[in-house]
Amino acid sequence: MEKSLLAPGHRACAGCAMPTTIKLVLDAAGPNTIVASPTGCLEVTTTPFPESAWCVPWIHSLFENPAAVASGVELMVKRRGHDTNVIVIGGDGSTFDIGMGSNSGMFERGHKILYVCYDNEAYMNTGVQRSGSTPFCANTTTTPWGKESLGNPRPKKDMPAIAIAHRVPYVATASIAYPVDLRRKVKRALQVNGPSYIQVNAPCITGWTFEAGIMVEISRLAVETGLWPLVEWVNGEVTEVKKIRMLKPVDEYLKTQGRYRHLFKRPDGAAILKQIQDMADANIAKYQLVD
Amino acid sequence: MPAQLVAGNSAVIIGAMYAGCDCFFGYPITPASEILHEASRFFPRAGRKFVQAESEEAAINMVYGAAGAGHRVLAASSGPGMSLKQEGISYIAGAELPCVIVDICRAGPGLGNIGPEQSDYNQAVKSGGHGCYNSIVLAPNSVQEMCDFTMKAFDLAFKYRNPAIVLADGVLGHMVEPLNFPEEAVVPNIDTSWAVSGNSATRHNLVTSIDLDFEEMEKHNLKLQAKYDRIKQNETAWTGYRLEDAEIVLVSYGISSRIARSAVDRARREGMKAGLFRPLTLFPFPEAGIRELSEKGCRFISVEMSNGMMREDVRRAAGTEDVGLVARYGGNLIRMDQIMDKIREVA
């Protein structure tokens, strides 16, 4: 096996899906790649100055900027006549919330940039605050569950749909539990002459609270319950869907994580579990996930 | 109620709740996030509004909106987030709206790190946004003051219809100390006849900072400057320690002033006549107090976790360039021996 382009010795938690995501993306993209990243767990754990785990050129900016920074990089790559991959790897706080404006600009201007969101569904680096990506009823430090709160009151923002609405030619969802699928999607995205967006389900051990050994299993359960459909859109049309062979109830996924523990404890939890099952069922029907 | 052990960031929310604050708009940033957490826990329970915004700009503009309706509004952030808020703060100052912003300063520039620094001094005290405006800036140095100064900031913000900043740092935000809760909660009974309330009675209350007429815009600026002069006259506050016969005066605020105070005691034990001058308000800066000491022949050392940002104000007030500086950066606290070396050098 070839040497990974993300060196070992970074400081991510044991059982974090983010380094796995980076490795898979870089593995598919190869060394002829420049990466731009916003602040987040990725930046803090892989590049504490003066160290760096990156074996490709890497540029950092604050939360709201990576798509704009990458736009500048991509224009200069083009100007020099190089054929270098320009990739943004950012978390969901940056992607869904504060960076939305610059994402929109990058998509709309049509830069040849692959944007990869490692989606751990909250602001993990600053202490597990909710983001626009936090799922319905998940417990976070700013949507704590209690007598009058069931956790995050809103469903997750549909970021792929927002990318598609920008006519982004290649959009996909992926999971670290399906590495072959993820690598293939990165390769396809990099073939596109324009922007592309891949959203990777990346479990967070501290924010979701689970045992360190089951990160991959949890991400697989997200897919197998229909809560995280693996879908590919080319020019807005669904071109590929990962079928679920052994469909599982959402409880099996939710039970693995502390952020949903309250739903199994309180009397009104059952109704919420039903609502979450309905969301999964809607995905299953929409993308025909089960034959 | 006996004193409770509380962290500085929690004390901010306690102060805000007692001050009748009814909205909090935040965005995650270390080391200020606990203010957001506490607001999310306690504001909804008390029937008050809590919103986690999608960005720092959104949060400060939510403040703009709610303040325009005459509500008591709080926001909190740190270095990079404060930078992002500057445009909003300028608009709020221009439209003359009251609000309180707590800055738990961290190390910079750029991302820096999450350790303490006092390098937001200029963007808070000198106003980092565009245009000629000032925020009122209060500088607590204990958990008790994190609570009390937050309450005080609401008073001043509404008295002058002006943004008020509580300028603290990562240590003050996270330090745990006994807190005596405020005696009683403030029942806001303030004149908000200037606010817009979405009815015909307040329709004429235009909340804006635009005036295309140069003369009118100048008049507005002059009015603001007159207000800042009133604030300087009425609200300047500082406190001294062993200043009576002091020959060497340490000027220091916030967490650095706690270390400077210990240095004063040690210098005294070594026979050097040192004292501490601690600004409680950074805007307005206590110029007269420093000038008076300067006229008595005192020599000054600015003790701050920034590159002499405050020293510039001390120089101006003292009327001399000869002001020493003890500084640290990058998340490091000032050490006592650093201050002692400087005192011995000056003595």
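The following legends describe close-up views of a predicted model. Local features need pLDDT of at least 70 and side-chain atom pairs count only at pLDDT 80 or more, whereas totals for chains, interfaces and linings use all residues; side-chain values use heavy atoms, without hydrogens and water. Residues are numbered from 1 along each chain as its sequence is written, and chains are lettered from A in the order in which they are written.

**View 1. The contact between chain B and chain A.** Chain B and chain A each contribute 18 residues to the contact (heavy atoms within 4.5 Å). About 1300 Å² is buried between the two chains, with carbon and sulfur atoms giving 62% (accessible area, 1.4 Å probe, that two parts lose on being put together, summed over both). Of the area that chain B buries against chain A, 37% is supplied by Tyr27(B), Gln52(B) and Leu111(B), more than by any other three residues.

**View 2. Elements of chain B that touch chain A.** Helix H2 (33–42), strand E3 (49–52), helix H3 (56–68) and helix H4 (79–94) of chain B each give two or more residues to this side (DSSP runs, H or I of at least four residues for helices and E of at least two for strands, numbered from the N terminus). H2(B) provides the largest share, five residues.

View 3. Ile259(B) belongs to helix H9 (residues 254–269) of chain B. This residue counts as buried because its relative accessible area is 18% (buried means under 20%, with a 1.4 Å probe and protein chains only). Leaving aside neighbours within four places in sequence, Ile259(B) is in contact with Leu333(B), Ile334(B), Arg335(B), Met336(B) and Ile339(B).

Key
Buried < 20%, exposed > 50% of the residue type's maximum accessible area, 1.4 Å probe, protein only.
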